[in-house]
Amino acid sequence: MTTPTPAAWDRVAAGRAGGISWIFARAIERAAELARAEAAAPRPAGVPRRALDVGCGSGRLVARLAAAGYCVVGVDADPAMARCATAGLAGGEGGGGSPAPGGLGGLVADAGRLPFADGTFGLVTATSLLGCLDAPAPFLGEAYRCLAPGGALIVTATNRASRLLRLNYHLPRR
């Protein structure tokens, strides 16, 4: 499978790519809802208001986390995606509108070797990333390592062997 461009992935992440792309959009929406609830809840002492979105893609969730008040970093293995996530923070979700508060942008990093100190983040998110990894264990270990004690991990999974996903690739695109 070829790596999608940031614009193509953004259409999928927004649920506008046809087929079952709505699954990816819903995963981002649900992660954002949970992150907003986490931001509004009383925080244990020492849990930072920093969030990390691993496999940030075009930055849709990064922008929503920043809008919820997190100082947020998105990481993606694809440099074009990391640049797109940074641009989205500078211009609001979808590249238009006002800058999101608290946003830091996107970095290029491997999900299995995150370049952050232990306990750096109060929230780590990853939407639809697990199906893209050959093995999820290194990412999950890194996510746990980067979380501050009392922090939250929000992960959604899309099974890449799913018949629905295979069907989606064969559906006509508008």
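Glu142 is buried, at a relative accessible area of 13%, where buried means under 20% relative accessible area, exposed over 50%, and partly exposed in between (1.4 Å probe, protein chains only). The side chain of Glu142 forms a salt bridge with that of Arg145 (2.9 Å, N to O); a salt bridge is a side-chain nitrogen of Lys or Arg within 4 Å of a carboxyl oxygen of Asp or Glu. The structure is a predicted model, in which local features need pLDDT of at least 70, side-chain atom pairs count only at pLDDT 80 or more, and totals for chains, interfaces and linings use all residues. Residues are numbered from 1 along each chain as its sequence is written, and side-chain values use heavy atoms, with hydrogens and water left out.

**Overall architecture and confidence**

- The protein chain contains six helices and five strands; helices (H or I, at least four residues) and strands (E, at least two) are DSSP runs, numbered from the N terminus.
- Read from the N terminus, the order of elements in the protein chain is α-α-β-α-β-α-β-β-α-β-α.
- The protein chain has 174 residues, of which 44% count as buried.
- Contact means heavy atoms within 4.5 Å. Among contacts in the protein chain between residues at least 6 apart in sequence, 71% join residues at least 24 apart.
- The mean pLDDT of the protein chain is 81, and 78% of its residues reach 70 or more; pLDDT is the predictor's confidence in each residue, from 0 to 100.
- Over residues 92–101 pLDDT stays under 50, and for this stretch the model has 18 contacts beyond four places in sequence.

**Packing of α1 against α2**

- Two packed helices are described by the angle between their axes and the distance between the axes.
- Helix α1 (residues 6–13) packs on helix α2 (residues 22–40) at an angle of about 75°, and their axes lie 7 Å apart. This angle makes α1 roughly perpendicular to α2.
- Axes are lines fitted to C-alpha atoms, for helices over the stretch in contact, and angles run from 0 to 180 degrees between N-to-C directions. Angles under 35 degrees count as roughly parallel, over 145 as roughly antiparallel, 65 to 115 as roughly perpendicular and the rest as oblique.
- On the α1 side, Trp9, Val12 and Ala13 meet Phe24, Ala25 and Ile28 of α2. By class, this contact of α1 with α2 has six nonpolar, no polar and no charged residues.
- The classes are as follows: Ala, Val, Leu, Ile, Met, Phe, Trp, Tyr, Cys and Pro count as nonpolar, Asp, Glu, Lys and Arg as charged, and the others, Gly among them, as polar.
- Ala7 also belongs to helix α1 and is partly exposed, with a relative accessible area of 45%. Ala7 and Ala80 are 73 residues apart in sequence, and their C-alpha atoms are 10.0 Å apart in space.

**Salt bridges**

- Six salt bridges are found in a search of the whole structure.
- Glu142 and Arg145 are three residues apart in helix α5 (residues 137–146), so about one helical turn separates them. Arg145 counts as partly exposed, at 23% relative accessibility.
- Arg113 and Asp110 pair through their side chains in a salt bridge (3.2 Å, N to O). Arg113 is exposed because its relative accessible area is 62%, whereas Asp110 is partly exposed, at 37%.
- Arg113 is located in the loop between β3 (103–108) and β4 (121–127). Arg113 and Glu142 are 29 residues apart in sequence and 6.6 Å apart in space, C-alpha to C-alpha.
- A network of salt bridges links Arg26, Glu29, Arg30 and Glu33. Within this group, the side chains of Glu33 and Arg26 meet at 3.2 Å, N to O.
- Glu33 counts as partly exposed, at 30% relative accessibility, and Arg26 also counts as partly exposed, at 37%.
- Arg30 lies in helix α2 and is partly exposed, with a relative accessible area of 37%. The C-alpha atoms of Arg30 and Thr156 are separated by 8.9 Å, although these residues are 126 residues apart along the chain.

**Helix α3**

- Helix α3 (residues 60–67) is mostly covered, with six of its eight residues buried.
- The buried residues in α3 are Arg60, Leu61, Val62, Ala63, Leu65 and Ala66.
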